[in-house]
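Here is a short report on one protein model. Look at the sequence and the fold, then read on.

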Amino acid sequence: MKNLIMVLYFFSLNCTCQITKEIKINEIQIDTMKILDLSIYKDWKVNPDFASSQTSENINLVKGNDRVNIIINDKILQVERSNINNPYRHIWLYDPKSKILQITGVTYKILPIGIFSFYNDKGIKFKEIDYEQSYKFSITDMIKKFKIEYNLDIENPKVLYDINRFIGKTELKIPLYEVSIREDFPYVCTSYLIDGNTGKTLYSIKMDEIEPKSVLHEYFKILKKQKEEDNAYFNTYKGKDYTKAEWEIFKEQHYKEYERKKESKGFWHDLFKKHDE
């Protein structure tokens, strides 16, 4: 059922923030038609973790650290390959009748990454969606960031609890990541809100399943409080009241004027000094 939901998730993805590339068939090299061949899994064993729920329409197999889930029915034919040592999942969707490949791509947990390719009923690629295009800070960059800044390996499923990304539509109209890291004790994680352009950590919060929170909503609370403080009365100068934000602008402008006059004075001072000499 979890995988079935994933299939529906892919078909319902909002692609407005992604780059969809329509491919002219006469301008590309036609791929070899990819038809599903389940015989490649003949030496795989039934996954004991799903033995009780194994059916002819939902097959879970295991070979070493590799896992495969195959969903077969009149409407869906999906193959999902994964490995217990990393969060990557390779997805293939086929036409249930012809067994010809329709969609293929890779996810990081359930987050689509890289390019998803789409094929017509003749096995010819006609479209691509690039899920990295809107994010200057990529998944690869994120992996490096957590290793360097937090000494955490988010390619380890025991470390990474969840990851999501989206384009902010309200206060923050920028690409954003939410990355949740497992803690040493059960049901607790630390969630990070990260700028999808710069990779800067905007906010982090510790949470648990008993009292779940959204790192984005908590960050909005901080921004709202900061805005209220910036717009509240802060100081009076020469009979004029200033908010905190206005006072900071006022100080910065006068400091720049002070520096300009100081530099100007030094220039004339040096000029006349040289002339006298």
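With which residues is Val159 in contact, leaving aside its neighbours within four places in sequence? The partners are Leu152, Asp153, Ser180, Ile181 and Arg182. Contact here means heavy atoms within 4.5 Å.

**Basis**

This is a predicted model, in which local features need pLDDT of at least 70, side-chain atom pairs count only at pLDDT 80 or more, and totals for chains, interfaces and linings use all residues. Residues are numbered from 1 along each chain as its sequence is written, and side-chain values use heavy atoms, with hydrogens and water left out.

**Chain totals**

The protein chain has four helices and 15 strands. Both are DSSP runs, numbered from the N terminus: helices are H or I with at least four residues, strands E with at least two. Of the 277 residues, 35% count as buried. The classes rest on relative accessible area: buried is under 20%, exposed is over 50%, and partly exposed lies in between (1.4 Å probe, protein chains only). The accessible surface of the chain comes to about 18,300 Å², and 54% of that belongs to carbon and sulfur atoms. These areas come from the Shrake-Rupley method with a 1.4 Å probe; for residues, only the protein chains shown count as cover. Among contacts between residues at least 6 apart in sequence, 36% join residues at least 24 apart.

**Around Val159**

Val159 lies in the loop between α2 (139-150) and β10. Val159 is buried, at 16% relative accessible area. Asn151 is exposed, at 68% relative accessibility. Asn151 has a positive phi of about 55° although it is not a glycine.

Lys99 is another non-glycine residue with a positive phi, about 65°. Lys99 sits in the loop between β6 (88-94) and β7 (101-108). Lys99 is partly exposed, at 32% relative accessible area.

**Strand pairing**

Strands of a sheet pair through backbone hydrogen bonds, either parallel or antiparallel. Two strands count as paired if DSSP finds at least two bridges between them.

Four strands make an open sheet in the order β10-β11-β12-β13, with antiparallel pairing. β10 (160-167) and β13 (201-208) are the edges: each has a single partner strand, so one side of each is left without a neighbour in the sheet. Neighbouring strands of this sheet are turned by 15° against each other on average, direction ignored. For that angle, axes are lines fitted to C-alpha atoms, for helices over the stretch in contact, and angles run from 0 to 180 degrees between N-to-C directions. Seven bridges join β10 to β11 (residues 175-182). Leu160 stands opposite Ile181 in β11.

Elsewhere, β2 (residues 45-46) and β3 (residues 58-63) pair antiparallel over two bridges. Lys45 stands opposite Val62 in β3. β3 and β4 (residues 66-72) run antiparallel and are joined by six bridges. Leu61 has Val68 in β4 as its bridge partner. The hairpin of β3 and β4 has two residues between the strands, and Gly64 there takes a positive phi near 65°.

**Aromatic rings**

A pair of aromatic rings is described by the distance of the centres and the angle of the planes. Rings of Phe, Tyr and Trp (its six-membered ring) pair if their centres lie within 6.5 Å; planes under 30 degrees apart are stacked, over 60 edge-to-face, and the rest tilted. The count comes to eight aromatic pairs. Two of them are tabulated.

| Pair | Centre to centre | Plane angle | Class |
|---|---|---|---|
| Tyr41 and Trp44 | 5.3 Å | 85° | edge-to-face |
| Tyr203 and Tyr219 | 5.9 Å | 35° | tilted |

Tyr203 is partly exposed at 22%, whereas Tyr219 is buried at 13%. Tyr41 is buried at 8%, and Trp44 is buried at 11%. Ring pairs also link Phe146, Tyr150 and Tyr192 into a cluster.

The rule asks for NZ of Lys or CZ of Arg within 6 Å of the ring centre and within 35 degrees of the ring normal. Lys127 lies over the face of Phe118, at 4.7 Å from the ring centre. Arg165 lies over the face of Tyr135, at 4.6 Å from the ring centre.
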